[in-house]
Amino acid sequence: MGYPSVVELSFGDEKVSQSTKIGGLPLGIRGILPDGREFVHAKAAATLGIGTHVVQKAVAGTSVNVVAGASAAIGATTVVLTMPATTLITVANQYADGYLATNDATGEGYTYKIKTSNTAAASGTATFTLEPNDAIKVALVSGTSECTIRENEFYNVLARAAGTTAVGIPAGVPQVPVSADYYCWLQRRGPATLLAGGTLMTTGRPFAACTVEASFQAWVAAPADTTTAPVSEPLGYCMVAPAASTEYFLGYLQLD
């Protein structure tokens with residue numbers, strides 16, 4: 001079954017969260033409200049608060065230079081990889097809607113879309129089924145071809161942890177509280193309700209990631225300490241300034 005690249009949402013759809021994929025849609029598909037606000041379909045790894053800064057999860061285990069466990073001919077839609085000792089896939093379809101990229105040796109340079117995946121023990125083999133129209137372009141060789149595997153960037157998203165350490169790239173902002181393991185729409189662009197924290201922003205000025213909590217603070221053009229880099233990466237503009245920290249404000253998200 002094929003899906004459009006963008007789905008049309010009705011006002012209020014952005015406030016839905018549920019335990020199964022919304023409308024059966026794939027992760028990462030974009031949704032647009034009639035007024036142009038843009039969202040993306042995502043799955044939460046843990047509870048997400050309304051208006052909080054949500055980021056993509058870190059890469060699981062060793063996901064680069066994963067060697068082909070069997071050859072795959074041109075036109076094949078099944079790829080078998082030998083998992084490294086540090087990689088354990090315990091959830092069926094963990095990599096569904098994700099990516100398989102050939103990063104070295106025979107067949108290198110291509111990115112394929114994963115449709116389904118099975119579970120696999122560390123040092124065992126895992127089978128990845130590709131989308132029917134995205135079959136292997138250049139044959140893979142068992143024991144030689146190396147791949148990178150990555151879950152969908154909107155699978156198991158998380159609230160941004162406090163601190164200045166670099167984390168996953170911004171995923172979006174929920175406009176409704178989301179339970180763990182639930183699916184939701186994360187806003188990526190347009191006017192949104194956002195949680196204020198740290199140094200308050202002013203109307204008309206850009207905001208950035210707050211390093212104190214999963215919220216947003218005033219953008220800093222050139223922080224003296226490079227470890228505070230997240231506050232120098234603008235994520236949007238403040239439309240109506242918040243009255244105080246821990247309160248909500250109206251901001252214009254620009255994540256794309």
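**View 1. The largest nonpolar core of this predicted model has 19 residues.** Leu81, Met83, Leu100 and Phe128 are the residues with the most contacts inside this core. Strand 7 (78–82), strand 9 (111–117), strand 10 (125–130) and strand 11 (146–150) are the elements that give two or more residues to it. Strand 10 supplies the largest share of the core, 3 residues. A nonpolar core is here a set of buried Ala, Val, Leu, Ile, Met, Phe, Trp, Tyr and Cys residues joined through side-chain atoms within 4.5 Å. Buried denotes under 20% relative accessible area, exposed over 50%, and partly exposed the range in between (1.4 Å probe, protein chains only). Strands (E, at least two residues) are DSSP runs numbered from the N terminus, as are helices (H or I, at least four residues). The model is predicted: local features need pLDDT of at least 70 and side-chain atom pairs count only at pLDDT 80 or more, whereas totals for chains, interfaces and linings use all residues. Residues are numbered from 1 along each chain as its sequence is written, and side-chain values use heavy atoms, with hydrogens and water left out.

**View 2. An open sheet is formed by 6 strands in the order 6-11-8-9-10-7.** The pairing in this sheet is antiparallel; two strands pair if DSSP finds at least two bridges between them. Strand 6 (66–67) and strand 7 stand at the edges with a single partner strand each, so one side of each is left without a neighbour in the sheet. Strand 8 (residues 99–104) runs antiparallel to strand 11 and is joined to it by 5 bridges. Asp104 has Glu146 in strand 11 as its bridge partner. The loop between strand 10 and strand 11 contains Ala139, which is partly exposed because its relative accessibility is 28%. Between Ala139 and Glu108 the C-alpha to C-alpha distance is 9.6 Å, with 31 residues separating them in sequence.

**View 3. Strand 3 (residues 30–32) and strand 4 run antiparallel and are joined by 3 bridges.** The two strands form a hairpin with 5 residues between them. In the turn, Gly36 has a positive phi of about 100 degrees. Ile32 stands opposite Glu38 in strand 4. Strand 4 (residues 38–43) is mostly covered, with 5 of its 6 residues buried. A salt bridge joins Asp35 and Arg37, whose closest N and O atoms are 2.9 Å apart. A salt bridge is defined as a side-chain nitrogen of Lys or Arg within 4 Å of a carboxyl oxygen of Asp or Glu. Asp35 counts as partly exposed because its relative accessibility is 46%, whereas Arg37, at 18%, counts as buried.

**View 4. Strand 4 also pairs with strand 14 (residues 183–195), in the antiparallel sense, over 6 bridges.** Ala42 stands opposite Cys184 in strand 14. Cys184 has a relative accessible area of 0% and is therefore buried. The structure holds 0 disulfides, a disulfide being a pair of cysteine sulfur atoms within 2.5 Å. Cys210 is in no disulfide, and the nearest cysteine sulfur, that of Cys238, is 14 Å away. Cys210 is likewise buried, at 0% relative accessibility.

View 5. A search of the whole structure finds 8 salt bridges. In one of them, the side chains of Glu151 and Lys57 meet at 3.0 Å, N to O. Glu151 is buried at 1% relative accessible area, and Lys57 is buried at 16%. The side chains of Arg188 and Asp256 meet in another salt bridge, at 2.7 Å, N to O. Arg188 is buried, with a relative accessible area of 7%, while Asp256 is partly exposed at 46%. Salt bridges with shared partners join Arg30, Arg188 and Asp256 into one network.

**View 6. Tyr237, Met239, Val240, Leu250 and Tyr252 form a nonpolar patch on the surface.** Together these residues have about 410 Å² of accessible area, computed by the Shrake-Rupley method with a 1.4 Å probe, only the protein chains shown counting as cover for residues. Patches consist of residues with over 30% relative accessible area and no salt bridge, where like charges are joined within 9 Å and nonpolar side chains (Val, Leu, Ile, Met, Phe, Trp, Tyr) within 5 Å. Strand 17 (236–240) and strand 18 (248–254) each supply at least two residues of the patch. The largest share, 3 residues, comes from strand 17. Val240 lies in strand 17 and counts as partly exposed, at 48% relative accessibility.
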